[in-house]
Amino acid sequence: MKTLWRAVLGVGLSGICLGAALGVGKDAGGEQVIRVTAQRFTFTPNEIVVKKGRPVVLEFSSLDFVHGFNIPSLKLRADLPPGKITRVRFTPDRAGEHPFVCDNFCGEGHEDMHGRIVVKE
Amino acid sequence: MMQRRDFLRLLGAGGGAVFASGLAGRAMADYGSNKMAGAYDDFYFVQLSDTHWGFKGPANPDAANTLKHAVAAVNALKAQPDFIVFTGDLTHTTDDAQERRRRLAEFRDIVSGLKVKNVRFMPGEHDASLDNGAAYKEMFGETHYAFDHKGVHFIALDNVSDPGARIGEAQLDWLKADLSRQKKDAPIVVLTHRPLFDLAPQWDWATRDGAQAIELLMPYANVTVFYGHIHQEHHHRTEHIAHHSAKSLIFPLPAPGSQSKRAPLPWDPAAPNKGLGFREVEAEVDASRYRITERPVSAG
């Protein structure tokens with residue numbers, strides 16, 4: 001792996017996250033917290049902009065399927081079971097773009113379920 | 001039985017490009033039913049893949065006919081293959097379990113028109129991932145199996161019944177046990193749907209535990225993998241193991257990772273079967289080598 005990213009995958013349970021569909025970002029103790037909704041066949045938001053050097057927490061809520069979240073370039077992946085929040089943590093240490101994809105086949109639009117993380121200076 | 005020399009003559013008479021997988025040469029006398037020196041018993045099989053029966057969309061407005069044309073094209077081959085294999089995505093996915101069964105049944109009825117009756121099937125994620133292969137098994141039986149043909153050991157691996165693209169521990173144990181009965185230099189062909197290696201995981205073109213299967217195969221000197229899923233011809237090696245993907249019979253997809261979206265290539269009304277096709281694989285048993293000939297979808 002070329003990047004020097006430090007990545008920690010955390011999976012937490014805290015019930016259904018109401019309002020997650022807007023992907024509201026917030027700052028909790030220096031972390032960039034991004035809420036992401038997974039629903040056949042989209043991630044919302046599907047473009048996630050974060051700042052280099054600050055820890056990121058992606059909080060996933062899946063509405064209808066055990067979708068997968070996979071960023072191969074960061075070697076990060078998680079299953080996203082409905083009914084709970086799944087957290088993925090990492091700290092980007094360089095600017096760039098990283099595509100992500102649902103890697104659990106979820107139906108006819110599965111091939112459209114993807115997005116990207118953009119890391120800015 | 002067709003001999004290799006005859007087959008090559010046939011290629012010269014109108015075949016497509018030939019790609020030799022180039023496995024290490026070896027004597028044929030070690031295995032198989034033909035142990036007489038010089039008595040070639042080469043054979044060939046046909047691989048068809050990703051027929052996606054039931055697909056409707058602008059990527060192939062002629063989808064209701066493409067599979068039928070492919071069947072006609074195979075039937076028109078001057079020399080018929082020993083057997084035919086479909087490497088998955090027989091049907092296009094649907095959430096409706098009844099419709100899934102209807103599509104599988106229609107597919108089965110259409111391919112029953114093949115002259116060659118020795119036909120091997122395996123599922124793709126479109127057939128099997130939404131019900132863990134239940135409907136597929138009802139119609140086509142087990143999703144992983146092995147068989148021998150004229151000295152070559154064939155292994156069909158299922159990396160799609162798990163929607164997460166895992167082969168799974170149980171099947172890997174089965175693979176290990178099956179391989180343990182093979183000599184280390186036995187000619188082995190693996191048939192599967194997804195690539196076993198990480199071809200383009202950002203497009204979900206991978207098998208999550210494919211590395212474990214490759215690790216089990218690695219001690220065997222003569223292993224070749226034929227797969228589908230990516231709707232185009234592609235050739236790759238993991239050390240000495242060759243991996244060859246097949247074209248689809250519904251629509252072509254872009255080169256792995258070449259763009260952000262793995263959307264079908266636009267349909268060309270001037271060339272409606274462009275990018276589609278099937279392949280002949282000639283097993284040269286004496287040299288543990290496979291000659292691949294790509295064929296278009298036309299019965300002409």
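Tutor: In chain A, 35% of the 121 residues count as buried. Keep in mind that this is a predicted model.

Student: Which elements does chain A have, helices or strands?

Tutor: Chain A has 0 helices and 11 strands. Read from the N terminus, its elements are β-β-β-β-β-β-β-β-β-β-β.

Student: How do E5 and E11 of chain A run, parallel or antiparallel?

Tutor: Strand E5 (residues 47-51) and strand E11 (residues 114-120) of chain A run parallel and are joined by 5 bridges. A:Val50 sits opposite A:Val119 of E11(A) in that pairing.

Student: And E10(A) with E11(A), in which sense do they pair?

Tutor: Antiparallel, over 6 bridges. A:Pro99 has A:Arg116 in E11(A) as its bridge partner.

Student: What share of the contacts in chain A between residues at least 6 apart joins residues at least 24 apart?

Tutor: For chain A that share is 65%.

Student: OK, chain B. How many helices and strands?

Tutor: Chain B has 7 helices and 12 strands. It has 300 residues, and buried ones make up 48% of them. Among contacts in chain B with a separation of 6 or more, 73% are between residues 24 or more positions apart.

Student: What is the strand order in the open sheet of 6 strands?

Tutor: In chain B the order is E5-E6-E7-E8-E10-E9, and the pairing is mixed.

Student: Which strands stand at the edges?

Tutor: Strand E5 (145-149) and strand E9 (234-238) of chain B. Each has a single partner strand, so one side of each has no neighbour in the sheet. On average, neighbouring strands of this sheet are turned by 20° against each other, direction ignored.

Student: How many bridges join E5(B) to E6 of chain B?

Tutor: There are 5 bridges between E5(B) and strand E6 (residues 152-156) of chain B, and the two run antiparallel. B:Tyr145 stands opposite B:Ala156 in E6(B).

Student: Helices next. At what angle do the axes of H6 and H7 of chain B cross?

Tutor: At roughly 10°, with the axes of helix H6 (residues 169-180) and helix H7 (residues 210-217) of chain B coming within 10 Å. Angles under 35 degrees count as roughly parallel, and H6(B) and H7(B) are therefore roughly parallel to each other.

Student: Which residues meet there?

Tutor: From H6(B), B:Leu172, B:Leu175, B:Lys176 and B:Leu179; from H7(B), B:Gln212, B:Ala213 and B:Leu216. They divide into 5 nonpolar, 1 polar and 1 charged.

Student: Which residues touch the most other members of the largest nonpolar core?

Tutor: B:Ala70, B:Val190, B:Leu191 and B:Leu249, in a core of 94 residues. Helix H2 (residues 63-75) of chain B gives the largest share of this core, 6 residues.

Student: What does B:Ala70 touch, not counting residues up to four places away in sequence?

Tutor: B:Ala70 touches B:Leu48, B:Leu249, B:Phe278 and B:Val297.

Student: Two serines to finish. Where is B:Ser112, and is it buried or exposed?

Tutor: B:Ser112 lies in the loop between helix H3 (97-111) and strand E4 (119-122) of chain B. B:Ser112 is exposed, because 10 other C-beta atoms lie within 10 Å and the cut-off for exposed is 12 or fewer. Its C-alpha atom and that of B:Val71, 41 residues apart along the chain, are separated by 9.1 Å.

Student: And where is B:Ser298 found?

Tutor: In the segment after strand E12 (289-295) of chain B. B:Ser298 is partly exposed, with 13 other C-beta atoms within 10 Å.

Student: What does B:Ser298 touch, again not counting residues up to four places away in sequence?

Tutor: B:His69, B:Ala73 and B:Asn273. B:Ser298 and B:Asn273 are 25 residues apart along the chain, and their C-alpha atoms are separated by 8.2 Å.

Notes. Residues are numbered from 1 along each chain as its sequence is written. Chains are lettered from A and ligands numbered from 1 in the order in which they are written. This is a predicted model: local features need pLDDT of at least 70, side-chain atom pairs count only at pLDDT 80 or more; totals for chains, interfaces and linings use all residues. Helices (H or I, at least four residues) and strands (E, at least two) are DSSP runs, numbered from the N terminus. A residue is buried if 20 or more other C-beta atoms lie within 10 Å of its own, exposed if 12 or fewer, and partly exposed in between; C-beta atoms are placed from the backbone. Two residues are in contact if their C-beta atoms, placed from the backbone, lie within 7 Å. Two strands pair if DSSP finds at least two bridges between them. Axes are lines fitted to C-alpha atoms, for helices over the stretch in contact, and angles run from 0 to 180 degrees between N-to-C directions. A nonpolar core is a set of buried Ala, Val, Leu, Ile, Met, Phe, Trp, Tyr and Cys residues joined through C-beta atoms within 7 Å. Angles under 35 degrees count as roughly parallel, over 145 as roughly antiparallel, 65 to 115 as roughly perpendicular and the rest as oblique. Ala, Val, Leu, Ile, Met, Phe, Trp, Tyr, Cys and Pro count as nonpolar, Asp, Glu, Lys and Arg as charged, and the others, Gly among them, as polar.
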